Amino acid sequence: MNKKKSNAEWQSLLPPEVYRICFEKGTEPAFSGAYWRQKEKGEYLCAACDTALFSSAQKYDSGSGWPSFWQAMQTELIAEAPDNSLAARRTEILCAACGAHLGHRFDDGPPPTGTRFCVNSLSLKFQPAEPSSKQGKN
């Protein structure tokens with residue numbers, strides 16, 4: 001599942017703002033991203049490598065202004081690293097497949113996990129759920 005590339009390769013493939021968030025560990029302003037209020041069913045993919053990371057079934061409104069999830073689709077899809085920037089101790093979350101910065105994990109989420117994955121919209125791509133093939137058939 002290794003989808004790692006050099007910074008130059010990522011920079012040539014991604015729009016500048018997506019590159020800034022994913023590979024320069026940027027953050028988009030709260031309440032500005034495309035997905036913080038999204039309620040449509042589907043999956044959230046890594047904006048860099050298209051790995052499916054989060055499901056709308058685990059998304060919730062944390063009030064933070066960023067898309068928040070109480071669980072990843074699979075634990076091994078998310079890598080973690082200590083982040084002591086901004087004079088605060090936080091846990092950075094990254095796409096395990098390509099190393100893209102996604103956001104941070106906090107321990108103030110809802111049950112059943114108590115976890116909040118706080119993710120930049122620009123580090124994600126949304127893939128709507130496909131309608132069931134049984135719908136509309138008699």
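**Exercise 1.** In this predicted model, work out whether β1 is mostly covered or mostly open.

*Solution.* Start by finding the strand: β1 spans residues 42–46. Next, apply the cut-off, with buried meaning under 20% relative accessible area. Four of the five residues in β1 pass that test, so count the strand as mostly covered.

**Exercise 2.** Find out which strands pair with β1, and over how many bridges.

*Solution.* Take β9 to begin with: β1 runs antiparallel to it, and the pairing covers five bridges. Now turn to β2, where the pairing with β1 is again antiparallel and has three bridges. Put together, that gives an open sheet of three strands in the order β2-β1-β9.

**Exercise 3.** Explain why β2 and β9 each have a side without a neighbour in the sheet.

*Solution.* Look at the strand order, β2-β1-β9. β2 (52–55) and β9 (124–128) sit at the edges with a single partner strand each, so one side of each has no neighbour in the sheet. While you're there, check the twist: from one strand to the next, it averages 30 degrees.

**Exercise 4.** Track down what stands opposite Tyr44 in β9 and in β2.

*Solution.* Go to β9 and you'll land on Phe126. Over in β2, Tyr44 faces Phe54 across the pairing. Then try Leu45: its bridge partner in β9 is Lys125.

Key
Residues numbered from 1 in each chain as written. Predicted model: local features only at pLDDT ≥ 70, side-chain atom pairs only at ≥ 80, totals over all residues. Heavy atoms only, no water. Pairing = 2+ DSSP bridges. Helix = DSSP H or I, 4+ residues; strand = E, 2+ residues; numbered from the N terminus. Axes fitted to C-alpha atoms, helices over the stretch in contact; angles between N-to-C directions. Buried < 20%, exposed > 50% of the residue type's maximum accessible area, 1.4 Å probe, protein only.
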